[in-house]
Amino acid sequence: MKRKILIALSLIIIISLLCSCTKTPAQTTGPSGTEASTGKSSEATGTGSSNPILNEVGTLPLVKEEIELDIMVGYYPFLVTDVNTHYAANELQKRTGIKLNYELVDYQQVSERVTLMLNAGDELPDIITAARMSFDQINYYGSRGVFLPLEGMIENDSYWIKRIFTEYPDAGRQCRAWDGHIYVVPRYAENLLTIYGAKIWINGKWLENLNLDMPTTTEEFYNVLKAFKEQDANNNGDPNDEIPLTTANNLWYGHVGGALMNPFIYDNTGNQLIIKDGKIVPAYTQDEWREGLKYINKLYKEGLLDSECYTQDTNTMKQLFMGDVQRAGSVLVGKMTNIVPAGQPELWQDYVLVPPLKGPSGQAVTCYVPPSVKADTGSVINAKSKHADVAFRLVDYFWSEEARLITCYGEENVDWRTPPSNVLGVNGKPAFMEIINSFGSPELENRIFGDNFTYFETEKFVGGQVRKEGDADQYFYMEVIDKLVGFEPDEVVPPILPITPEAIEEYNELNSSITSFVNENKAKFVVGELDIYSDAAWNAYLDQLKTFRLERYLEIMNEAYEIYKK
Ligand SMILES: [Ca+2]
Ligand SMILES: [Ca+2]
């Protein structure tokens, strides 16, 4: 079965290799395609396209003659020493034809600064970018007429955003405020290591040492952990120095649940809610959750799950992985370099991903956090701007691959290059780019804005990089593709919901108190402080949950979910 999938994958790779050999990042970003020149978008009603200064949507330069716009940017001071000679600042102007008068504000002070301006009703620049505002704040001021609603322009007068919304409809939905308007062009990045966050890493050498197969079911995983415990899995002559499964309380995706609970019911390790019959419901009140807790409790009770998993911090747990003889057989964590240094491959290279385990129902799913838009480095347009239509075209361009390359990766053939078409990227597809000067290197001084800008970054920016031998993140990334991709649940609760301003405070309170109550009780059932086999204990837990106003919490979320789905 597995081999067949591999063959199919290789075929896809070969086919895509054949098809894409003429493409380079620079060419694919170019707005020269027919889509840009059909003129369909210029049938626009209202706004920008009637402005004679503007070129056809998606055409560079964006304007027929130079025009000046004021822009405020929250920025990393270490990346910009002089904006007049800054590579990305100059390149944006050169390509778009728009002269930008920059007001740069330290990214640590920009939120306070903008908040003061908004409160005081000060005059705003045409564009505000990366001001570290939240969706709530932006949508509030947007609904009061301070920021321009953009959905009409996106529909009628955009090239890049419109295409992306068609290809990534969830990103489009996430941008919408509760009132149906879009007030911000946010940032977005796809990284499979983050999307497939919660995982189990297992020591492949230990499996070999004990002649064990990779576990595929909860029962097989239990048997492997038991063998780790009972035998000398690390081969040092002592059968009793192994911890079969560990994690720590402040570890990235160190939550006790996730991949251990998924074989029974989907556990996103965050709010732990699921979609059932089109509605958001708690996973933590279902019978399957109770079955999952029984399984994890069994691992804990039998000394297979580390008795310190809730109490130790990463530094304490780290000792199990350091030194010549490793003592942890498996671990719940996002990636191994959250525990051991990337520069010491001997400490992480034996750990491989456990595929999603099958539970009693035979279903196997993996934790999947859909990529979501973030408002913090997004761009908003002043509703009073005299050049709002031009400002929008510029923000539209921010979402192009070309603008992302310029503002975050620097100059082609200087800071990065397009690899030959026969070179494969980390994701197994033809490589998209090879980094020459990596972020943080002195060569990039006064050249880029980095992540402190508005952008839309697709998977290939990470997965499409040229493979480097011994690179930890790339190794983890390939493990995710090999073991987890394709095992996403059918539906998950969206990471962003358009909750109304009237309900937002109540929602935040309920979300925080309910989630901590659930996590607390999850731990109590696992360690046996509450008896998961006792109906009385389980029912008491469910009754207590109600007193946290679980029903109201779900009502707020489902109301927002209905708006989201429209
Ligand atoms: Ca042992
Ligand atoms: Ca041993």
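The calcium ion (ligand 2) lies 5.4 Å from the calcium ion (ligand 1), and E242 coordinates both. The structure is a predicted model, in which local features require pLDDT of at least 70 and side-chain atom pairs count only at pLDDT 80 or more, whereas totals for chains, interfaces and linings use all residues. Residues are numbered from 1 along each chain as its sequence is written, chains are lettered from A and ligands numbered from 1 in the order in which they are written, and side-chain values use heavy atoms, without hydrogens and water.

Donors are N, O and S atoms within 2.8 Å of the metal (3.2 Å for Na, K and Ca); water is not among the atoms, so sites may look incomplete.

An open sheet of six strands shows mixed pairing in the order β2-β1-β3-β10-β4-β13; strands are DSSP runs (E, at least two residues), numbered from the N terminus, and two of them pair if DSSP finds at least two bridges between them. The edge strands, β2 (98-106) and β13 (456-457), each pair on one side only. Nine bridges join β1 (residues 67-75) to β2 in the parallel sense, and Y75 has D106 in β2 as its bridge partner.

Technical notes:
Helices (H or I, at least four residues) and strands (E, at least two) are DSSP runs, numbered from the N terminus.
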